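Here are some quick notes to read alongside the structure.

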Amino acid sequence: MIKMKNRQILPVTNADEINQLLRRYGVKFGVYKNGQFKEQFFPFDPIPRIIESEKFKVIEKGLVQRADALNKFLFDIYHGKNIIRDGIVPEDFVYISSGYLPQCEGVTPPENIYSHISGIDLVEGGDGEWYILEDNLRIPSGASYPLIARELTRAASPDVFSENGVVDNRNYAKLLKDTMDFVNRGGINAILTPGRYNAAYFEHSYLAELTGAALVQNDELYVEDNMLWQKTYSGGKTRIGALYRRISDEYLDPLTFNSQSLIGIPNLMEAYRSGNVAIINSLGNGVADDKGIYYFVPKMIEYYLGEKAILKNAPTYLPFYEEDRDYVLKNIHKLVIKDVAEAGGYGVVFGSDLSEEKLADFRKTIINEPRRFIAQEVIDFKDLPILENGEQVMRKADLRAFVLSGETTRVWASGLTRFSRNPDSFVVNSSQGGGFKDTWILSR
Amino acid sequence: MKLLNFSFSTKLTFDNYVHNHSFALRCMPIESEVQHIVNCEMSISPFVPTKITIDAFGNTVTAGYISKEHRFLDFEINGCAEIDLSKSKTDYMPCYLYQSEYTKPDKELTDFYADVSAKCNAKDPFERAVFFSDILSDIIQYEKGVTDTKTTADLAFELKKGVCQDFSHIMLSLLRMDRIPCRYIAGLAACDGETHSWIEVWDGEKWLGFDPANNCPVNEDYLVLSQGRDFGDCSIDRGVMFGAYTKQLQLITSSLTTAY
Amino acid sequence: MDTVTIERKSNISTEHSSRIYWLGRYTERAFTTLKSLERLYDKVIDRDPEHYKKYLDCFGLNDIYGDYKKFFRSFIFDKDNCCSAAYSLERAYDNGIVLREEISTDALAYLQLAKDKLESSENTPQGLVVAMMPLEDILYGFYGCFADHVYNGEIRDIFFCAKSVERVELYIRLKYRSEKILSESERMCEFLKRIPENTPYRYNEKNLEGLMKMIYSKEYIGRESEAISLIARLFDGGAI
């Protein structure tokens, strides 16, 4: 039993059964090992992360606020650039970001929405406070896993759900479909996958099934008259009005971006610029989820919405500002330093791991290139229990929340909780052997 | 003010049939404060319906799709433009201040910049460009066939040889290290029988054209076809096609003459 | 699984039509392979232990097995033997996995189950037939699930047409009784006629006529390869 304020929660205990069901339903992700493609089952831990209703209401408000501000920021950056002119965000942070795409200048996505699906990573601190770790506004993945896991746990342990008031999370497909329908420019919804050998192929095909969208690959698509079409087997064509693409910006259109891309659709940018197809998420979002921009998100919320940020960032310092630089130089031994130009876990250094000599070198680098780095306090995040060989052990875990922006901005009452299987590791990545948990939002 | 007649044609031939051919052409001259297009006709063969849009850099993009088998793609533009350098162009974009794909310097080019900028006393951005170009024209030799459309600024600088495209890229790299916004221009010039390339320098208020390959400011004998951060944004034709072809041959002819 | 309303009309892509077709052929190949191996097993256990060589003859294969036990192991479990049930099941799965949104996660789960069942029964000490039977149940479940979940008639037609084509071919190759071949062929014709014109799986009239003539007149007996080559050309000239 898990004790929560005033009541007890009956946990799911039949992990093996559920993992067997996950196996039966082919819940896998792909990995490349020594150049060979392999499919792995994503280990599921039956002890859910539980968030109480009141607590979630706060998180929900904070996430809606954050996603709205980020969307406004993206619109602003690719149009009037007021936030730069008003001195809130220094221009260098915007334009050196590899996610900033000048090709998108002046292009307005349908309904002005840039980030339709925002995957926002949070951690719960030891103090019970939630902190934002990072925003993922390009192609955040992972929603399908808790979605199918819930379907199966409800079947395998019905008592648990009749005893505990857990908000049903299986409306994700409806949220996603509503979002696609809202921005659709005429024609069907489609999900563009790079193919079966992509790590998230299960998710692409599962979401296509649940939303009724066509699952497509680039070789069956073409752009003609600045509209996007799918070829059909009878020699006809079907118009696509909303494309939920699961490939990144630089590969999307070989005639605008990387000309070597074999998975893109030539002239898709022309159709998009002409307003004939919605691309989900829109192009150029990388500028808003950049490490260097993260620092400015609370300021953005104040600037665009006139509100204080409800959810806190991990305390972050920009050596670019003199005051922060002094702090970073003095306290470097206890900070995490991140290189804004690097992505995917690279360029992250814990000051505590460095020798005195290395620290001195690093200080010099920061003085010479202050724009290149951000520094953060190391958050003491709360561990969660997981079952390992029948015993409960504590592990690091984060939460990826999904915010969907369509006619309104809505937070999915669930999320992907990933945990590290290694007791010393902060890395919760699925490709590195991590597992996942369901995330329960209590309804009362 | 000067009236220019222009014509430009390219013939793209494949050694085998191709199909599902998507293309994007940036060969219609830009309409701007200093360049007014009096008239311009375009023809494409095989016949294919096309759509025209204006991209983020202000280029006119002609896009089309040919699904049927074909072995060639010819396109041609003919028209007349009015060039008036007494007016000024002000379509600024912040990205022009930052290095791009083709202009990222390596150590050699960075060191060279440090050396040259130390010697330069000029304050005005355009004068600084003139100063850099003077030095470059002594070091870099104009030579065809050593570089291609993929050659980056640092590579051309290492070779110390190249064509107009390479001169432009090296200049852009130097000026951006100097924190001067500047952009790449692809166009036609009376002095060149093919397409030509030069740059524009932002002086704080407007764009000023400069031709690094000829080490001279741009006059009214230049017609802008496309502009962007570097060659990558400006290629006159880009295409993706399917088929068993192994080679493609491109013949380009152009002319730019004063109209009376 | 719950799904949001599916409102797609028949806009099958060329790629998917071919995946559906091969899904039909490979599941049937796995199924009929298991069925005929079962019949064969009944013969070898006490009547003719060498009878498996006749099965090999039907595929023009040499006996590299030496005894029937090794032969059966290979033709049921060996994924590298392209005539085995395991091989066909893998190929069926490969085609099915890219069709989730067309055929449903529920149907796909049966293919995963079948694969898992086959792998787990490889080391069971019991008779091979016992190992095979639950697999057939699972495949029956798959067919039922497919017919039940797929609302798009064109997809169902391609699938069941392919399944029937495969069965006719295997029956001819494995020298099934002529009545069985005839009734399956007639069923195949029914399916074939439902496939719309100008699509990749619209039959070639001349080749279908030739094939049916051979079947009605029993001329295929002794000329199996000729009949099989007509099947291979059944869709010649279809729009691809």
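1. Start with the largest nonpolar core, which has 190 residues. The members that touch the most other members are A:F73, A:A190, A:I191, A:L228, A:L243, A:I280 and C:A114. Helix α8 (residues 153-173) of chain C provides the largest share of this core, 11 residues. Bear in mind throughout that this is a predicted model.

2. Leaving out residues up to four places away in sequence, A:I280 touches A:H116, A:I117, A:M180 and A:V183, along with A:A242, A:L243, A:Y244 and A:R245. As background, nonpolar side chains in soluble globular proteins tend to be buried together.

3. Now for the chains. Two pairs of chains touch, and chains A and C have the most contacts between them. Chains B and C are not joined by any contact, and their closest C-alpha atoms are 14 Å apart.

4. Where chain A meets chain B, the contact takes 22 residues from chain A and 18 residues from chain B. On the chain A side, α4 (91-95), β10 (221-224) and α10 (268-273) each bring at least two residues. Which of the elements gives the most to that side? That would be β10(A), with three residues. Sorted by class, the side of chain A that touches chain B has 10 nonpolar, six polar and six charged residues.

5. Chain C is worth a look by itself. Its domain assignment gives domain 1 (14-150) and domain 2 (163-240), and the C-alpha centres of these domains of chain C lie 22 Å apart. Between them, 12 residues of domain 1 are in contact with 12 residues of domain 2. Helix α1 (residues 14-46) of chain C gives the most to the domain 1 side of this contact, with 11 residues. That side of domain 1 splits into two nonpolar, seven polar and three charged residues.

6. Last, confidence. The predictor gives the complex an ipTM of 0.93 and a pTM of 0.89. Chain C has a mean pLDDT of 89, with 93% of its residues at 70 or more. Over residues 1-9 of chain C, though, pLDDT stays under 50. For that stretch of chain C, the model has 20 contacts beyond four places in sequence.

Technical notes:
Residues are numbered from 1 along each chain as its sequence is written. Chains are lettered from A and ligands numbered from 1 in the order in which they are written. This is a predicted model: local features need pLDDT of at least 70, side-chain atom pairs count only at pLDDT 80 or more; totals for chains, interfaces and linings use all residues. A nonpolar core is a set of buried Ala, Val, Leu, Ile, Met, Phe, Trp, Tyr and Cys residues joined through C-beta atoms within 7 Å. A residue is buried if 20 or more other C-beta atoms lie within 10 Å of its own, exposed if 12 or fewer, and partly exposed in between; C-beta atoms are placed from the backbone. Helices (H or I, at least four residues) and strands (E, at least two) are DSSP runs, numbered from the N terminus. Two residues are in contact if their C-beta atoms, placed from the backbone, lie within 7 Å. Domain bounds come from an automatic or database domain assignment. Ala, Val, Leu, Ile, Met, Phe, Trp, Tyr, Cys and Pro count as nonpolar, Asp, Glu, Lys and Arg as charged, and the others, Gly among them, as polar. pLDDT is the predictor's confidence in each residue, from 0 to 100.
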